[in-house]
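Trainee: Hi, could we go through this model together? I have a few quick questions.
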Amino acid sequence: MRSRWLRIALGGLLAALVSTLVAHAHEIRPAYLQIDEIGSERYEVLWRTPLLSGMRLPVALRFPSDIRNVTGPYERELPDSLVERRIIDAPGGLTGRRIEFVALEATITDVMVRTQTRGGGHTTTLVHPSQPWVVIEAGQTLLSVARTYLVHGVDHILFGVDHLLFVLGLLLIVRDRWMLVKTITAFTVAHSITLAAATLGYVHVPAAPLNAAIALSILFVGVEVMRSWRGETSFALRHPWLVAFLFGLLHGIGFASGLVSLGLPQGDIPLALLTFNLGVEIGQLLFVAAILLLERAFRLLEIRWPWPLQYAPAYVLGTSAAFWTIDRVVAMLEGAT
């Protein structure tokens, strides 16, 4: 009974998620702005933007009109991002001044902004498309910085459609609540391990094969969902927690891209890793809770949908994952030539 109502509840939600799957899967990688004070009214600026299918994110910096470039900007293209460096003069300093991110509101990408003064003060701010600018502060408390990375972690998982689809697949093959707790815990432990290892530099997997493997993990779970609904069994269906753990190791490296792509200073990594991971867990639990509440609501209301729609989640999950896998493998092979 739980499985039938869960299928109904997930049908519409899964379709909505997949509608953004191909268009925005990579755009959730944040941009990064670092501003270091190197002299009286003089600053070094690093501006990193992700590359989307080889194209630059269409977002530009806009400083106040009286700020001028001393050197640069000089650009360098990396495999997954474009890095721009310059040195600027800011009459009166940057504290209290506003820096705008032109066209950010047309994307779903956040910008992490970090500033450092010669006196040791620093700030870390997360800028959202809904408010595409930042006002530079003199300094922040440790709690405020931790909150920034926490929010970034929540955003990363809730906008990470690939990770959410995998969790949805796990929900569809788990048969009881105790096994659900065991499975989600295994996924959490696994991706926490590799998130830490990748962020600290102990593990590195190129983005192209990693993305293809994550898509393949979703396809694998989609196949298991159909087996479950046909009354069949398999090792994965008998031990979903083990599947969650093994693939969770892979997804953890994907989560790490949300921090590694920023190129954080070494001093920020411990706090960023702790609070970002906590944010990922909070976002994941919110998503699972929303699905379970949706399931209960449909069950209490006894909403009856045509039987083909009850099987829509498995077909949408499997079809989209197959397309995504092929798309990413082709992109990986093209990049290798």
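Trainee: What volume does the second largest pocket have?
Mentor: In this predicted model, the second largest pocket comes out at about 160 Å³.
Trainee: And which elements give two or more residues to its lining?
Mentor: Those are β9 (122–127) and β10 (133–135). The lining includes T125, L126 and V127, along with W133, V134 and V135. Also lining the pocket are H128, S130, Q131 and E137.
Trainee: How do those lining residues divide into nonpolar, polar and charged?
Mentor: Five are nonpolar, four are polar and one is charged.
Trainee: Thanks! Changing topic: where is T275 found?
Mentor: T275 belongs to helix α9, which spans residues 269–301.
Trainee: Is T275 buried or exposed?
Mentor: Buried, because its relative accessibility is 10%, and the cut-off for buried is under 20%.
Trainee: What lies 2.7 Å from a polar atom of the T275 side chain?
Mentor: That would be the backbone oxygen of L271.
Trainee: And which residues does T275 touch, leaving out those up to four places away in sequence?
Mentor: With those left out, T275 touches A146, Y149 and L150.
Trainee: One more threonine, then. Which helix holds T194?
Mentor: T194 sits in helix α5, residues 177–199.
Trainee: Why does T194 count as buried?
Mentor: T194 has a relative accessible area of 10%, so it falls under the 20% limit for buried.
Trainee: What is T194 in contact with, beyond its neighbours within four places in sequence?
Mentor: Setting those neighbours aside, T194 contacts G248, L249, G252 and I253.

How values were computed. Residues are numbered from 1 along each chain as its sequence is written. This is a predicted model: local features need pLDDT of at least 70, side-chain atom pairs count only at pLDDT 80 or more; totals for chains, interfaces and linings use all residues. Side-chain values use heavy atoms; hydrogens and water are left out. Helices (H or I, at least four residues) and strands (E, at least two) are DSSP runs, numbered from the N terminus. Buried means under 20% relative accessible area, exposed over 50%, partly exposed in between (1.4 Å probe, protein chains only). Contact means heavy atoms within 4.5 Å. On a 1 Å grid over the protein atoms alone, a cavity is a set of points where a 1.4 Å probe fits but cannot get out, and a pocket is an open set with protein on both sides within 12 Å along at least five of seven lines; lining residues have an atom within 4 Å of a point. Grid points are joined across faces, edges and corners, and a volume is the space filled by probe spheres set on the points. Ala, Val, Leu, Ile, Met, Phe, Trp, Tyr, Cys and Pro count as nonpolar, Asp, Glu, Lys and Arg as charged, and the others, Gly among them, as polar. A polar contact is a pair of N or O atoms within 3.5 Å; within protein, one must be able to donate a hydrogen and the other to accept it, and residues adjacent in sequence count only if both atoms are side-chain atoms.
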